[in-house]
Amino acid sequence: MITNTELEYKGNLYPNHIVEFTQDTDKLYFTTENGVVLQITILRGSLVRFRYATNYNFEPDFSYAIDPDSTMGYSKLDVVENNSEYIISTARLSILVDKKTLRTQISDIEGNIINEDELGFHWEENYEYGGNTVKMSKISQIGESFFGMGDKAMHSNLKGKKVENWVTDQFAFAKEQDPLYKAIPFYIGLNKGKAYGIFFDNSFKTSFDFSQERRNITSFWADGGELNYYFIFGPDMSRVVSSYSNLTGTPELPPMWALGFHQSKWSYYPESNVKEVASEFRNRKIPCDAIYLDIDYMDGFRCFTWDKNHFPDPKRMIQELEQDGFKTVIMIDPGIKVDRDYWVYNEALENDYFCKRGDGPLMHGKVWPGECNFPDFTNPAVREWWAELYKEFMSELGVHAVWNDMNEPAVMEVPTKTAPLDTRHNYDGYPCTHRKAHNVYGMQMVRATYEGVKKYVYPKRPFVITRAAFAGTQRYASTWTGDNVATWEHLWIANVQMQRMCLSGYSFVGSDIGGFAEQPDGELFVRWIQLGIFHPFCRVHSSGDHGDQEPWSFGVEITDIVRKFIELRYQLLPYLYTMFYKYTKENRPMIQSLVYYDQEDTQTHFRTDEFIFGEKILVCPIQEPNAQGRRMYIPKGEWYDFWTHESVIGGKEKWVAAGLDKLPIFIKAGAIIPKYPIQQYVGEKKIEELLLEVYYKMGVEASEVYEDANNGYDYKKGRYALSNYKLTGKENSLTIQLFKDGSFETEYETIKLNLHGLPFQIESVMVDNEEIELESLILSGGNILRIDKNFTSLHLSGKE
Ligand code: GLC
């Protein structure tokens, strides 16, 4: 066996033998003779944190990523030692720490090795900046797969790839191009049916190598800071993702309108143009909830100002749009124009809120308005000031929501595209350079924005969007994938990015539908809309310099198909809202890759295209021109074709027809899917009745519907309605039981059930154990029933 001393090559340093072990309740400390300390914290039976110090010295323990509300607290913890190692046992794991090398090996309680150090922790001293480049290498198995890592535009299985996390303004990025706009140093490993996760909580530039350089080795490293990672055991991927999500947080429920369809362009101006676009939506009966104002609404791109020539009376305009059912979303960038006649600039300057370079001068760089200075959002006082800047916009002018862009921060005309590395930051009282603060800069900006918007739209709920993000940013804002391109390849990328973000704890995501750069043709636009309506954030946005990208810009045929799919999104709003509720409450990703859905089926490990929307709807985008359909994999189990209602048995590939007006969609057997009537915007209509599409299954299936006032905070006081449906199908009967929770009274009194796939003819109906006249419930066609919303059990029986 090679010892660590022999490995001291290429400037790498390694821990040597352990000379001391101490325990402080849930924290264990192992100190080596050459001054390395490994701190292991048992946070839960399956959640363990590893931190390494060199020279006996830990850095202050501070993280922007970890949610202060995450649940911690350990259960069982035993430590024993033998000649060669310490053995730590938790309720779910056994961790060995090698006495000679400090390497660790983690097994489940059945003794299966889940994750194992190769060289383990090692480091290189950084003479230029101080501190270390910290590194970790682990053994990976031949059949092991890797998922997660945020917005990487590559195959969802990362095996054989090397990636970097450094948030970057990557205009018109390409497939495989890396890094992009987000830094989420979290991955999921899956080997022999068991999943685990590693979250490397380090905001410096981090890199991950998934068996690319060396075949059976996975390694990760950072340019500075601590080797500080959380190990999360599954064995189900859903548990890994939910633990990571719990650790880094989830957002609160957004207002429901944020889940509607949104239209954006760089830029709609002047006011007449905004109004024209809005009324076109209403005239053509295409549902839409929000319209976006990009940078041109500002006076010379100065944030928190209006171009009064183009927008003489923003308050009136916003009100008029609101009367027509439109919310107005405005853009705010981080760069503040250097201008002594500009109040925002003067306030920041007087209060010393701008970032400074290493030797003291203000950090400056060019963005849209020309030379700018940049507020240091890692300073809590700056965040408070920034939050207050929204007061006039939100509470006086009535702006509904804010869109933060360029917050990597993007700087023009410099090769690094961002702030110089010696730029200094407060980092909430742990001062550092941009090397450490870069990846969290945008996150802290949007955090401040979120605080301000939340305060000033109260009692309504805030809605905020960001382009740059670090792990944990999902607590504050939704996001989009940045400046994509109107190509078929980008449609593929958007699909992968969305699934990957959802696996990385960040569900409220969408792409610029149709592509930001260049111009889609009608076919590409339709196919992108068909995918986009199944993404949590659903917005058309484009650079606007190649032509129009509104739903009606491609002719009547395309307009009609686009309308049909946007209408489907509006019908599915209660389903989508329930998905969001489950994301916030149960940390369940809103979109699930097939590998998440069924990790035991190895067919799923290399699939990229198909995904599950929520828990019951299987979707597969068409990603090629001139397609009349496609081959796709249907996961195991029984499904219904959404269009034909035909039953399909999964576990195999299948050709699915999908002309331009169709998309392959399947519904899980046993599912109960809630639908609202089509509305032109959320709240347009009183919901007179809830429609439940019921898909028969032989056996049991649970479904939920979550409802509340769609905005405001009453739901936090219990005013929500959570309906848990349990469907039980037998040869000659179908029973639906309803268990309700919460005190919200929905507007409607009745529920309409549309039954699909019943293998028998209904002969008798019992509601709450009482036999009911068939005719009093059955509506047209025989398999549609109407029932009081407060039923507790419905039993249908008949003969085959
Ligand atoms: C950036 C954004 C884009 C926006 C443009 C102008 O490129 O990513 O969405 O339209 O800036 O503000």
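**View 1. Glu770 is exposed, at 54% relative accessibility.** Exposed means over 50% relative accessible area, buried under 20%, and partly exposed in between, with a 1.4 Å probe and protein chains only. Glu770 sits in strand β49, residues 770–772. Strands (E, at least two residues) and helices (H or I, at least four) are DSSP runs, numbered from the N terminus. Glu749, Asp768, Glu770 and Asp788 form a patch of negative charge on the surface. Patch members have over 30% relative accessible area and no salt bridge, and like charges are joined within 9 Å.

The model is predicted: local features need pLDDT of at least 70, side-chain atom pairs count only at pLDDT 80 or more, and totals for chains, interfaces and linings use all residues. Residues are numbered from 1 along each chain as its sequence is written, and side-chain values use heavy atoms, leaving out hydrogens and water.

**View 2. Asp405 and Arg467 meet in a salt bridge, 3.1 Å from N to O.** A salt bridge is a side-chain nitrogen of Lys or Arg within 4 Å of a carboxyl oxygen of Asp or Glu. Asp405 lies in the loop between β25 (401–404) and β26 (424–425), and Arg467 in the loop between β28 (464–466) and β29 (469–470), so the pair ties together parts 62 residues apart in sequence. Asp405 is buried, at 8% relative accessibility. Arg467 is buried too, at 1%. Salt bridges with shared partners join Asp169, Asp405, Glu408, Arg467 and Asp483 into one network. The count of salt bridges comes to 53.

**View 3. Arg631 and Glu653 form a salt bridge, 3.1 Å from N to O.** Arg631 belongs to strand β37 and Glu653 to strand β40 (residues 652–657), so the pair ties together parts 22 residues apart in sequence. Arg631 is partly exposed, at 49% relative accessibility. Glu653 is partly exposed as well, at 35%. Strand β37 (residues 629–634) also holds Gly629. Gly629 is buried, at 8% relative accessibility. Its C-alpha is 8.8 Å from that of Leu660, 31 residues apart in sequence.

**View 4. Cys355 and Cys432 are too far apart for a bond.** The sulfur of Cys355 is 9.9 Å from the closest cysteine sulfur, in Cys432. A disulfide is a pair of cysteine sulfur atoms within 2.5 Å. The count comes to 0 disulfides. Cys355 is buried, with a relative accessible area of 2%. Cys432 is buried at 13%.

Definitions and conventions. Patches are made of residues with over 30% relative accessible area and no salt bridge: like charges are joined within 9 Å, nonpolar side chains (Val, Leu, Ile, Met, Phe, Trp, Tyr) within 5 Å. Accessible areas come from the Shrake-Rupley method with a 1.4 Å probe; for residues, only the protein chains shown count as cover. Lys and Arg count as positive and Asp and Glu as negative; His and the chain ends are not counted. The place of a charge is taken as NZ of Lys, CZ of Arg, CG of Asp or CD of Glu.
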